[in-house]
Amino acid sequence: MSILKKIDKLSLVKIIAFSAILSLLVSLPIVILLVQQQTEIRSKAYEKPKLIVTKDKTLPGPIPNESPKIGRVFPWVGKIGDIVWIQGENFGNNPAVKRLIIGGVTLPEEMIASWRDTEIQAVIPPGAKQGGIVQVRVGQHPMSSSLPFSLYDRETKIKLTMKEGIISVVNGKGVSKAKIWIGDENTPTKELEIPLEINIDDETPVFNTDNKPILSIILYDNLGNILSYYVDPTEFGF
Amino acid sequence: METSGPIYSTIVDSSYKPLRAIFKLILLLAFPIILVFAGVIFVQKYYAKNLLSKSASQDVLVIIPMQETNWQDLGNVFEPIVPVKVKTNDGFQENKFLLDSGAVISSLPRDWAEKTGQNLAFLQRTTFRGFGNTQSFAYQGNMVILLGDDEMTLPVVFTETAGTKSLLGRKGFFENHSIFFDHKKRQIEIRK
């Protein structure tokens with residue numbers, strides 16, 4: 001009864017003022033709670049995705065009966081980190097016992113993108129030697145080796161171009177010899193050594209491929225050192 | 001002369017009246033209760049909805065009308081193609097991209113490498129697996145695109161096949177944006 005007496009003593013203006021304050025105090029947290037509830041409803045609709053681990057490579061397969069044979073490394077020119085396709089036969093389908101060496105560096109499993117019976121895809125590893133070869137070994141079979149490949153980097157200035165089957169050197173000052181292998185996709189049918197004397201930085205014609213597939217090109221200076229060069233991939237079809 | 005008798009002044013009724021007290025108590029409580037109910041209804045019906053839609057609309061980078069292709073066997077089918085401006089040596093140039101959540105990375109035809117000031121020979125070479133598991137070489141670079149007013153750099157591969165569609169793939173695009181296909185409004189919204 002004492003509360004009612006106290007309320008009764010308050011004037012109407014005070015009652016309304018208290019009522020307004022009380023309204024604010026009560027409604028504010030409720031409004032905030034409701035806004036948050038709306039967000040919660042949305043988040044409930046979201047399902048946490050399950051982590052799926054996929055295996056890209058096939059399970060280790062058997063060792064082929066025949067020895068592996070590298071046909072060509074395509075393309076024969078590239079940078080550290082570039083992928084190359086090693087084409088040939090009898091590589092097996094991801095055989096359990098295998099070894100791949102590029103430019104003197106044995107590749108770890110994670111640098112081999114795929115290993116199928118007729119093609120291996122792998123990355124040119126750091127430390128690979130200029131003019132190095134690719135070697136493949138499967139099981140106890142003898143190792144198969146490729147033709148030499150050419151490496152370059154962002155500092156390389158010499159460029160090889162090809163227009164209508166004719167290969168030319170650009171910025172080739174200092175190039176004294178070109179070694180070229182052409183043939184079909186798997187077998188080099190022609191190996192050529194072309195002496196060159198380039199004293200200008202313009203475009204100098206080197207060789208007419210007659211539109212036959214190129215298996216490798218290596219450039220040398222007059223001391224026999226291998227020179228780096230780069231190509232426009234579109235011109236050479238890769 | 002002295003006056004005697006009662007002194008008349010303002011009469012204050014200080015006596016307790018239970019009915020009046022109850023009325024005042026009801027007044028004190030009713031107002032907040034009504035206000036709370038009104039607030040709840042307002043928040044549920046208008047405020048939350050407006051707030052959410054407002055925040056969503058603020059995140060929209062670009063709205064593109066849906067395009068349709070009329071197929072002989074299927075009739076009209078919606079094509080998720082979006083025109084996007086790509087930064088080239090001569091400023092931004094519009095190119096049509098297919099939104100492809102199945103593509104790991106965005107792709108452009110090779111001729112775009114030169115347009116965007118990149119030399120294929122010095123980009124990292126990878127294997128590109130296309131439709132039907134066909135394989136070719138691709139060269140990994142970057143492209144700067146304009147979505148609404150936002151300029152962003154996306155990883156891209158320059159693919160071999162000329163005339164193929166440019167794709168916007170998962171790396172850098174789908175993983176950082178929300179794509180909303182609004183079939184009612186027949187439009188695609190790309191949101192932050």
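I take two strands as paired if DSSP finds at least two bridges between them. The model I am working from is predicted.

**Entry: a strand pair.** I looked up strand β4 of chain A, residues 98-102, and found two bridges joining β4(A) to β5(A). The two strands run antiparallel. Across the pair, A:I102 stands opposite A:V105, a residue of β5(A).

**Entry: domains of chain A.** I noted domain 1 at 69-151 and domain 2 at 159-236. Taken over C-alpha atoms, their centres are 23 Å apart. I count 14 residues of domain 1 of chain A in contact with 14 residues of domain 2 of chain A. On the domain 1 side, β1 (69-74), β3 (83-89) and β10 (150-151) of chain A give two or more residues each. By class, that side has seven nonpolar, six polar and one charged residues.

**Entry: chain A against chain B.** I find 31 residues of chain A in contact with 29 residues of chain B. On the chain A side, α1 (2-9), α2 (12-44), β18 (230-231) and α3 (233-236) each supply at least two residues. α2(A) has the largest share, 13 residues. I sorted the chain A side by class and got 18 nonpolar, eight polar and five charged residues.

How values were computed: Residues are numbered from 1 along each chain as its sequence is written. Chains are lettered from A and ligands numbered from 1 in the order in which they are written. This is a predicted model: local features need pLDDT of at least 70, side-chain atom pairs count only at pLDDT 80 or more; totals for chains, interfaces and linings use all residues. Two residues are in contact if their C-beta atoms, placed from the backbone, lie within 7 Å. Helices (H or I, at least four residues) and strands (E, at least two) are DSSP runs, numbered from the N terminus. Ala, Val, Leu, Ile, Met, Phe, Trp, Tyr, Cys and Pro count as nonpolar, Asp, Glu, Lys and Arg as charged, and the others, Gly among them, as polar. Domain bounds come from an automatic or database domain assignment.
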